[in-house]
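Let's walk through this one together, from the overall fold down to the annotated positions. Keep the structure open beside the text as you read.

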Amino acid sequence: MRHGSIPGAHGRVRPLTLLGDPVLHAPAKDVTDFGPELAALVEDMFATMYAAQGVGLAANQVGEPLRVFVYDCPDDEDVRHLGHVVNPRLVTADGVVIRGPEGCLSLPGLEAGTERYDHAVVEGFTVTGEPVTVHGTGFFARCLQHECDHVEGTVYADRVEGRRHRRLMRQVSRASWSK
Ligand SMILES: [Zn+2]
């Protein structure tokens with residue numbers, strides 16, 4: 001692979017928005033301009049995701065209220081999935097529902113058991129406006145559902161219920177970043 005083609009190699013690591021930041025809790029806007037600014041944003045998002053050792057990142061997690069996410073995520077068979085989706089639509093989420101540990105770069109250091117479908121399909125576009133369809137199973141399906149939630153202004157903590165939710169919120173209130 002050419003050096004120049006490594007995602008994020010030319011990107012800038014940006015500060016992450018954290019739980020409670022309004023940009024994380026409002027639906028993001030459709031991308032209408034597929035120009036160099038969008039390509040630069042995606043590069044920054046990859047750089048930021050890798051710097052934070054994440055497996056997925058949505059644009060509102062770097063403060064941009066646009067419908068874009070990037071991912072570099074394994075599935076349950078350890079197959080690596082790498083890419084980005086602009087204006088994503090979760091067109092299928094089905095199969096069995098699995099409650100598994102889920103975390104988020106906007107709630108650093110925390111995780112909670114979160115229910116997700118085992119299979120997901122996302123349709124959208126590349127940075128140059130080409131249509132793209134992404135299929136995921138297992139942990140990668142979880143990632144796709146998590147990132148599609150972000151563009152709608154939902155974080156995984158919103159999907160955790162009962163005592164798990166209370167425990168997570170207690171951990172948030174004690175976290176150094178939530179002050
Ligand atoms: Zn997240």
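## Ground rules and overall build

A helix here is a DSSP run of H or I with at least four residues, and helices are numbered from the N terminus. By that count, Glu 147 sits in helix α2, and we'll come back to it below. One thing to keep in mind throughout: this is a predicted model.

The chain has 3 helices and 5 strands. Reading from the N terminus, the elements go α-β-β-β-β-β-α-α. The radius of gyration is 16 Å, close to the 16 Å that the globule rule gives for 179 residues, so the chain is as compact as a globular protein of that length. Its C-alpha trace spans about 45 × 40 × 30 Å along the principal axes.

As for how the chain folds back on itself, take the contacts with a separation of 6 or more: 67% of them join residues 24 or more positions apart. Buried residues account for 36% of the 179.

## The sheet and the helix on it

The 5 strands form an open sheet in the order β1-β2-β3-β4-β5, with antiparallel pairing. At the edges you'll find β1 (56-58) and β5 (131-137); each has a single partner strand, so one side of each is left without a neighbour in the sheet. On average, and ignoring direction, neighbouring strands are turned by 30° against each other.

Zoom in on β2 (residues 68-74) and β3 (residues 80-103), which pair in the antiparallel sense over 7 bridges. Here Phe 69 stands opposite Val 85 in β3. Helix α2 (residues 138-151) packs on the sheet and touches β1, β2, β3, β4 (111-125) and β5. The direction of α2 makes about 80° with that of β4.

In soluble globular proteins, nonpolar side chains tend to be buried together. In this model, the largest nonpolar core has 42 residues. Met 45, Ala 59, Val 68, Phe 69 and Val 70 have the most contacts inside that core. At least two core residues come from each of α1 (36-51), β1, β2, β3, β4 and α2.

Val 70 is a handy place to look around. Setting aside residues up to four places away in sequence, Val 70 touches Val 42, Met 45, Phe 46, Met 49, Gly 56, Leu 57 and His 84.

## The annotated positions

Which residue does the UniProt annotation "active site" cover? In the unreviewed entry, that label covers Glu 147. Glu 147 has 26 C-beta neighbours inside 10 Å, so it counts as buried. Beyond its neighbours within four places in sequence, Glu 147 is in contact with Gly 56, Ala 58, Phe 69 and Tyr 71.

The unreviewed UniProt entry also places a "binding site" feature at Cys 104, His 146 and His 150. These positions are spread over 47 residues of sequence, yet they cluster in space, with a largest C-alpha distance of 10.2 Å.

His 146 counts as buried because it has 25 C-beta neighbours inside 10 Å; His 150 counts as buried because it has 24. Leaving aside neighbours within four places in sequence, His 146 is in contact with Gly 56, Glu 102 and Tyr 156. On the same terms, His 150 is in contact with Ala 58, Asn 60, Gln 61 and Phe 69.

Note on methods:
Residues numbered from 1 in each chain as written. Predicted model: local features only at pLDDT ≥ 70, side-chain atom pairs only at ≥ 80, totals over all residues. Rg over C-alpha atoms; globule rule 2.2 N^0.38 Å. Buried ≥ 20, exposed ≤ 12 C-beta atoms within 10 Å, placed from the backbone. Contact = placed C-beta atoms within 7 Å. Pairing = 2+ DSSP bridges. Axes fitted to C-alpha atoms, helices over the stretch in contact; angles between N-to-C directions. Core = buried A, V, L, I, M, F, W, Y, C linked by C-beta atoms within 7 Å. UniProt positions renumbered as here; feature names shortened; annotations may be inferred.
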